[in-house]
Amino acid sequence: MNIMFLLIGASLLAAMVFLFLFIWAVKSGQYDDTYTPSVRILFDDDPVSETIHEKESAEPDVNKEIDLQPDKKNSN
Amino acid sequence: MEIQQFNYDNKTVKYFIMATMIWGAVALIVGLLIALQLAFPAFNLGLEFTTFGRTRPVHTNAVIFAFIGNAMFAGIYYSLQRVLKARLFNDVLSKIHFWGWQIIIVLAAVSLLAGYTSGKEYAELEWPIDLLIAVIWVTFGWNMIGTILKRRVKHIYASVWWYLATFLGVAVLHIVNSIEIPFSFFKSYPVYAGAQDAVVQWWYGHNAVAFFLTTPWLGLMYYYLPKASNRPIYSYQLSIVHFWTLIFLYMWSGPHHLLYQALPDWVQALGVTFSIMLIAPSWGGMINGLLTLRGAWDKVRDNAELKFMVVALTAYGMATFEGPMMSLKSVNAISHFTDWTIAHTHIAGMGWNGGLIFGMFYWLVPKLFRTPLYSKKMANTHFWLATLGILMFAIPLYWAAITQWLMLREYTPNGLLAYPNFLETTIQIIPMYHARILGGVLFFAGFLLFFYNMIKTIQAGNLVDNEATEAPVLTDPSARKYGESFHRLIERKGVIFAVLVFIALIIGGAVEIIPMLNIESNIPKIASVTPYTPLELAGRDVYISNGCYNCHSQQVRPIRAETDRYGEYSKIGEFVYDHPFQWGSRRTGPDLARAGYIGSSTYKTAIWHYNHFTKPKEINPQTIMPAYPWLAKNVVNLDQIPVKIRVMQTLGVPYPKDYDKKAVADYREQAQKIVDELKISGVNIAADKEVIAMIAYLHKLGRDISPSKKK
C-alpha cells in the first residue's frame with residue numbers, strides 16, 4: 001500500500017499549510033478580538049449613491065475602482 | 001483616515017444565482033428520472049444514453065457541482081466582498097470563472113451520457129474536463145485570494161477561512177485523484193490500480209464531501225445565518241476552534257468507505273478513528289448555528305429563510321452523527337452496499353446543502369435585487385414541501401436498507417441462505433422505491449415554487465451591477481518596509497506564501513512518489529492472477545462506459561452471508577491490474593466479483609449473458625435491470641487496442657514486450673471462441689461486437705483464483 005505514503009504525504013502537506021495559516025493568523029493578531037467581528041458583519045453598507053464611475057465617461061468602466069492603489073498614496 | 005469609495009460586483013453574483021436555479025432544476029429532474037428508472041425500468045427509455053448507469057452520474061455530478069457548486073460561488077462572491085470591504089479582485093477572472101464553470105457542466109453532462117467516464121464515483125469526468133476544472137478552480141482561488149489581499153478590513157472574518165480551506169482542499173484532492181494517462185482524446189486510465197486506486201478515490205470522495213459540501217457551506221452559514229437573523233454568531237471563538245479542528249481531521253477519514261474490503265486493516269482503522277473524532281468539530285458548527293438563534297426563535301416562526309437554515313443545521317447535525325456511526329465496521333456491514341448510504345447522502349444533500357441554498361437565496365435575492373420577496377406564503381409552502389419531501393425520501397430508503405440486509409443474511413434452519421436469489425430482495429424493496437419517488441416529487445414541487453418565487457422577485461427588483469460603497473483605507477499590512485528582510489516580507493504575505501509552498505510541494509511530492517507506486521509494491525500478490533487479455537480489457541471499458549459499477553459491486557466482504565452467496569472473499573492481490581478499480585458502492589444487483597468463478601452462483605454461461613443483456617425480462621420477469629440490446633450492435637474500436645496495451649505497460653502491467661503488435665490477433669482469437677460458443681446456441685454474431693468483450697470480461701472476474709483455471 002505504497003499509495004498511503006502519497007496520501008499521508010498530501011494530507012500532511014495540506015495540514016502543514018493549514019498549520020502555517022493558523023500560526024500566521026494567531027501571530028498577526030487575527031484572533032486578538034473574538035467578539036467584534038461577529039457583530040461588525042451585521043452592519044450593512046450604506047450605498048453611497050449609484051455606481052461610482054471613475055470619470056464621466058459614457059460607459060461605466062466596471063473593471064476599475066475609484067481608488068486603485070490605496071497603499072501607495074497613504075500609509076495611514 | 002482616508003475613506004475610499006468603490007463598487008461591489010453584483011453582476012457576477014447574479015450570474016451564479018441564475019445558473020444555480022437552472023442547473024438545480026436540471027439536477028432534480030434527472031434525480032426524479034433515475035428514481036423512476038429504479039422502480040420502473042421502462043423509464044430507461046431503451047437508449048444507451050439514458051440508462052441508469054449513465055444518468056445516475058449525471059444526477060450526482062449535476063447536484064454537487066452544478067446546483068450546489070453555483071450556489072456556493074454566488075454565496076461566496078457576495079459575502080466575500082462585504083466582509084472584506086473590497087470588490088472582487090478582477091472582473092476578467094470572475095467572467096472566466098463563471099463561464100468556464102458552466103462550460104464544464106455542459107461538457108460533463110454530454111460526455112457522461114455519451115459514455116465517457118473514468119468509472120470513479122464523483123470523479124467520473126474524463127481527462128480534458130479534469131484539466132479544465134483545474135484551470136477554472138485556480139481562477140476561482142486566484143480571484144478569492146486576490147480579494148483577500150486587497151481587503152480593507154484587517155480581520156479576516158470566519159467565513160473567509162472556510163472559503164480558503166475549500167479552495168486549497170479541493171485543489172489537492174482533484175489533482176491527486178485525477179492523475180491519469182490518456183489513450184484517446186476522451187479516455188484515459190488512472191495511474192493507480194486496485195486497492196491503491198480505491199484508497200485514492202475514496203480519500204477524494206470523502207473529502208469532496210468535506211471540502212465541497214461542508215467547509216464552504218459552514219462558511220456561508222457563518223455569514224448568512226447572522227445576517228438573516230440579525231444576530232451575531234453565538235460564539236465566534238467556537239467558530240475558530242471548530243474550523244481548525246475540522247480541516248485537520250477530515251483528510252484522514254476516507255478509508256471508512258472501504259471497510260471489510262480488500263484493504264489492510266490498519267488503513268481501515270485509521271479511517272474509522274478519524275471519522276469518530278469528526279463528530280466533535282461537526283457538532284461544534286451545528287451547535288454554534290442553532291444557538292445563534294437563541295432569543296430569536298420568534299423570527300424563525302415567520303421567516304422561511306430561517307426555517308430552511310434551521311432544517312439545514314439539524315440535517316447537518318444528524319448526518320454528521322450518522323456518518324461516524326456508519327464508519328463503525330458493524331454498522332457499515334449493513335449500511336454499505338444498501339440504500340442506507342443513499343438515504344444518508346440525501347439527508348445531507350437535500351437537508352443541509354439544499355436547506356442552506358434555499359435559506360440563503362430567500363434572504364439574498366430580495367436583498368440583492370432591492371425588493372421584497374414576491375411571496376412569503378409561497379416560500380413557506382416550499383419549506384413544508386421540501387421538509388416533508390426529505391422525510392418521505394429518506395425514511396423509505398432506511399427501511400429498504402434494513403429489509404434488504406435482513407433478507408440477505410437470513411438463513412434457513414438447515415443453514416442455507418433463505419433468499420439465495422438476490423432478485424428476491426430487490427423485489428421486496430420496490431414499494432420503498434415508489435415511496436421515494438413521492439418524496440422526490442414533493443421536493444421538486446417545492447423547488448418549482450422556489451423557482452417561480454425567485455423569478456418573480458428578480459423581475460420586480462432592480463439590481464445595481466456595480467453597487468457603490470465606501471470604507472476606510474486599510475494600512476497595507478503587507479507592504480515592504482524599508483530595511484526589511486525579504487523573508488519578513490514573505491512572512492507578511494502569509495496567504496500567498498502558503499499557496500506557493502503548497503503548490504510547489506504537491507507537484508514535487510507527486511512527481512517523486514508516483515513512480516514508486518508500481519505493482520511491485522508491498523501488496524500481497526497472487527501468482528495465478530494475470531493481466532486482462534485485450535478482449536477482456538475492451539470488455540472492461542464497455543462495462544465502465546455503461547456505468548455498470550453504479551449497480552454492481554465487485555467486492556465480496558469476509559462476512560458469512562456474502563461468502564455463502566458469492567464465494568471466496570476478495571483479496572488485495574486480485575485487483576493489481578485494475579486501472580481503475582470497480583468495487584462499486586451500492587448493490588442494486590448482485591455482486592460480480594465471482595462472475596467468472598465456475599461453480600459460483602453468479603457464474604453464467606455466454607448464452608445466458610447474451611440473452612440477459614439483450615432481453616433481461618425473459619430471464620427474470622421481475623428484474624429491474626434495463627436491457628442493453630446495443631451491446632450486440634455496437635462495435636469495439638480495435639484500432640485503440642494497441643494504444644491501450646501500451647498505456648497499461650507504462651502503468652506497470654506486465655504484458656510481454658511488443659505485445660501491442662500481437663494484441664489485436666489475440667483479441668480476435670479469444671472473441672472467436674465466444675462467437676463459436678454462441679453459435680451452438682443459435683446466436684450468430686460478429687466477433688467485434690461489444691457484447692463479446694463484455695462476456696469475456698465477466699468470465700475473467702474471479703477466474704484467476706478459481707480452481708478451474710487451466711493456464
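This passage describes a predicted model of a complex, taking its chains, their folds and a contact between domains in turn. Residues are numbered from 1 along each chain as its sequence is written, while chains are lettered from A and ligands numbered from 1 in the order in which they are written. Because the model is predicted, local features need pLDDT of at least 70 and side-chain atom pairs count only at pLDDT 80 or more, whereas totals for chains, interfaces and linings use all residues.

The predictor assigns the complex a pTM of 0.91 and an ipTM of 0.71.

Chain A has three helices and zero strands (DSSP runs numbered from the N terminus, with H or I over at least four residues for helices and E over at least two for strands). Of its 76 residues, 18% are buried (20 or more other C-beta atoms, placed from the backbone, within 10 Å of the residue's own).

Chain B holds 25 helices and four strands, and 54% of its 711 residues are buried. Its C-alpha trace spans about 90 × 60 × 45 Å along the principal axes. The radius of gyration of chain B is 27 Å, which agrees with the value near 27 Å for a compact globule of 711 residues (taken over C-alpha atoms; the rule is 2.2 Å times the number of residues to the power 0.38).

Turning to the strands, β1(B) covers residues 3-9, and five of its seven residues are buried. This strand pairs with β4(B), residues 466-472, in the antiparallel sense over seven bridges (pairing requires at least two DSSP bridges). Within β4(B), Ala471(B) is the bridge partner of Gln4(B).

An automatic or database domain assignment divides chain B into domain 1 (11-472), domain 2 (486-516) and domain 3 (534-705). The C-alpha centres of domains 1 and 3 of chain B lie 33 Å apart. Here 42 residues of domain 1 are in contact with 48 residues of domain 3 (C-beta atoms, placed from the backbone, within 7 Å). On the domain 1 side, α2(B) gives the largest share, five residues. That side divides into 23 nonpolar, twelve polar and seven charged residues (Ala, Val, Leu, Ile, Met, Phe, Trp, Tyr, Cys and Pro count as nonpolar, Asp, Glu, Lys and Arg as charged, and the others, Gly among them, as polar).

Notes. A residue is buried if 20 or more other C-beta atoms lie within 10 Å of its own, exposed if 12 or fewer, and partly exposed in between; C-beta atoms are placed from the backbone. Two residues are in contact if their C-beta atoms, placed from the backbone, lie within 7 Å.
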